[in-house]
Amino acid sequence: MANKWALRAASLAVVGVTWQIVGSRLNPIFLSTPTAVFKAGVALVANGELPAAMLVSLGVVFAGFGVAILVGVPLGLAMGRSRTVEYLLDPYVNALYVVPRIALIPLIIVWLGLGIPAQIAVVFGTSVFPILISTHTGVRNVSSNLIETARSFGAGESELVRKIILPASVPFIMSGLRLGIGQAIIGMIVAQMFLGISGMGFMLVNYGNQFATNYVFVIVVALAVLGVLLTEMVRLLESRFSHWRQAPPR
């Protein structure tokens, strides 16, 4: 454990020193330095701009991601349990999954205008498919022996789903959530860059247009930290609900 953290600290130190040396020799429009980024970060926190933007962005991510879970998990279960539902929805899922969400932004502007509802719609569109597809795969991978055994003891469909299918699919569902939260953050940034007048995506565009590279780096670093924290939250949930799984050997 000590070696792991020592190696990470050494890696960060090497990258930071190299960045400082290279950045100090270049025009700050092209590459800022860690010290300038730190000062810009302190300024953005002190004037409240970054915390306020993070709150707006987190609200959009949680709202869109929450709706994606409410839609993706039940649809994935239904597609996994019913061939009819699968054949009905599969073409739309496959087609919409490969369409870049940015291509739908003109339609979203027409339907929802600019603002938070449109941003939530983009986040939903980017995060629902990993959840849906993982849930569908998880249901399809449940052992047929388990299902037949439960049926032989008189389990009905609802009891089968509640006591066998859902618990056995949890690892796949949680993997889908982990993939989905990353996609939700990407969707939030894209949405706020095109549809927002606030939030971290809007700040990114605003400072990019001013060639304020140090402020752009602050937002990028904040997004990276946000992504790691949200992914770790989902990973903790995964370990909570999948604690019975044996950890893979390393």
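Figure 1. From the N terminus on, the elements of the protein chain run α-α-α-α-α-α-α-α-α-α. That comes to ten helices and zero strands. Helices (H or I, at least four residues) and strands (E, at least two) are DSSP runs, numbered from the N terminus. The model is predicted: local features need pLDDT of at least 70, side-chain atom pairs count only at pLDDT 80 or more, and totals for chains, interfaces and linings use all residues. Residues are numbered from 1 along each chain as its sequence is written, and side-chain values use heavy atoms, with hydrogens and water left out. Along the principal axes, the C-alpha atoms fill a box of roughly 75 × 55 × 30 Å. Of the 250 residues in the chain, 34% are buried. Buried means under 20% relative accessible area, exposed means over 50%, and partly exposed lies in between (1.4 Å probe, protein chains only). Take the contacts between residues at least 6 apart in sequence: 75% of them join residues at least 24 apart. A contact means heavy atoms within 4.5 Å.

Figure 2. UniProt lists residues 54-238 as "domain: ABC transmembrane type-1", in an unreviewed entry. UniProt positions are given in the numbering used here, feature names are shortened, and annotations may be inferred rather than shown by experiment. In the model, this span is 87% helix and 0% strand. Its end C-alpha atoms lie 25 Å apart.

Figure 3. The structure holds five salt bridges. A salt bridge is a side-chain nitrogen of Lys or Arg within 4 Å of a carboxyl oxygen of Asp or Glu. Here the side chains of R83 and E86 form one, at 2.9 Å from N to O. The two residues are three apart in helix 4 (residues 83-98), so about one helical turn separates them. E86 is buried, at 10%. A network of salt bridges links R83, E86 and R140.

**Figure 4. E148 and R151 pair up in helix 7.** The closest N and O atoms of this salt bridge are 3.9 Å apart. E148 and R151 are three residues apart in helix 7 (residues 144-152), so about one helical turn lies between them. E148 is partly exposed, with a relative accessible area of 47%. R151 is partly exposed too, at 41%.

**Figure 5. R235 and E232 pair up in helix 10.** The side chains of R235 and E232 meet in a salt bridge of 3.3 Å, N to O. Both residues lie in helix 10 (residues 213-241). They are three residues apart, about one turn of the helix. R235 is partly exposed, at 38% relative accessibility. E232 is partly exposed, at 37%.

Figure 6. A nonpolar core is a set of buried Ala, Val, Leu, Ile, Met, Phe, Trp, Tyr and Cys residues joined through side-chain atoms within 4.5 Å. Which of the 45 residues in the largest core touch the most other members? They are I165, L177, M188, M200, M203, I219 and L223. Helix 2 (34-46), helix 3 (49-81), helix 6 (116-140), helix 7, helix 8 (157-195), helix 9 (200-209) and helix 10 each supply at least two residues of this core. Helix 8 gives the largest share, eleven residues.

**Figure 7. M200 and its contacts.** Leaving out residues up to four places away in sequence, M200 touches A53, M54, S57, I189, Q192, I219, A222, L223 and L226.

**Figure 8. F211 in a loop.** F211 lies in the loop between helix 9 and helix 10. F211 has a positive phi of about 55°, although it is not a glycine. F211 is exposed, with a relative accessible area of 58%.

**Figure 9. The second largest pocket.** About 360 Å³ of space lies in this pocket. On a 1 Å grid over the protein atoms alone, a pocket is an open set of points where a 1.4 Å probe fits, with protein on both sides within 12 Å along at least five of seven lines; lining residues have an atom within 4 Å of a point. Of the 18 lining residues, L96, L104, F124, G125 and F129 are the closest to the centre. Helix 6 supplies the largest share of the lining, seven residues.

Definitions and conventions:
Grid points are joined across faces, edges and corners, and a volume is the space filled by probe spheres set on the points.
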